[in-house]
Amino acid sequence: MSDCIFCKIAAGDIPSKKAYEDDLVYAFHDIHPLRPTHVLVIPRQHIASLAHVSAADEPVLGRLLSVAQKLAAENGSTDGFRAIINTGRVGGQEVPHLHLHILGGPEPVGPMVKKV
Ligand code: AMP
Ligand code: ZN
């Protein structure tokens, strides 16, 4: 999609700090890291959110998850990490291109979400 910031990052049209890339996914460091490790993994193709996937997307969704452990370990999170996919309004998604957050570091990330 031409006006999507993450499509532009995957295409190299907007600069990013690359962590990994292959034929299906691109990974880069979050511009506002919330933990010592904060990497985003995105599909190269535009998928708006996890609410927009179909069975045809299973190869790229699998890749998104299968690279997480390697990216966490290579970027300072060798003893576990948290993977988050914010989805839509209720999920608090700000950028409408599907992305997996990988959060970690030497210390525990903390409680999952606050109870309301
Ligand atoms: P979400 O709230 O799940 O949509 O997360 C969007 C994430 O994208 C946030 O953590 C932002 O800090 C991050 N972000 C937005 N623009 C950029 C950018 N140009 N480079 C790297 N990370 C970005
Ligand atoms: Zn996009």
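Which backbone nitrogen lies 2.8 Å from a polar atom of the side chain of Asp22? In this predicted model, local features need pLDDT of at least 70, side-chain atom pairs count only at pLDDT 80 or more, and totals for chains, interfaces and linings use all residues. Residues are numbered from 1 along each chain as its sequence is written, chains are lettered from A and ligands numbered from 1 in the order in which they are written, and side-chain values use heavy atoms, with hydrogens and water left out.

The backbone nitrogen is that of Leu24. The backbone nitrogen of Val25 also lies 2.8 Å from a polar atom of the Asp22 side chain. Asp22 is located in the loop between strand S1 (18-21) and strand S2 (25-29), strands being DSSP runs (E) of at least two residues and helices runs (H or I) of at least four, numbered from the N terminus. With a relative accessibility of 15%, Asp22 is buried (under 20% relative accessible area, with a 1.4 Å probe and protein chains only). Apart from neighbours within four places in sequence, Asp22 is in contact with Arg44, Arg63 and Val67 (heavy atoms within 4.5 Å).

Cys4 lies in the segment before helix H1 (5-11) and His97 in the loop between helix H4 (88-91) and strand S5 (100-104), so the pair ties together parts 93 residues apart in sequence. Cys4 is buried at 5% relative accessible area, and His97 is buried at 0%.

Definitions and conventions. Buried < 20%, exposed > 50% of the residue type's maximum accessible area, 1.4 Å probe, protein only. Polar contact = N/O pair within 3.5 Å; in protein donor to acceptor, adjacent residues only side chain to side chain.
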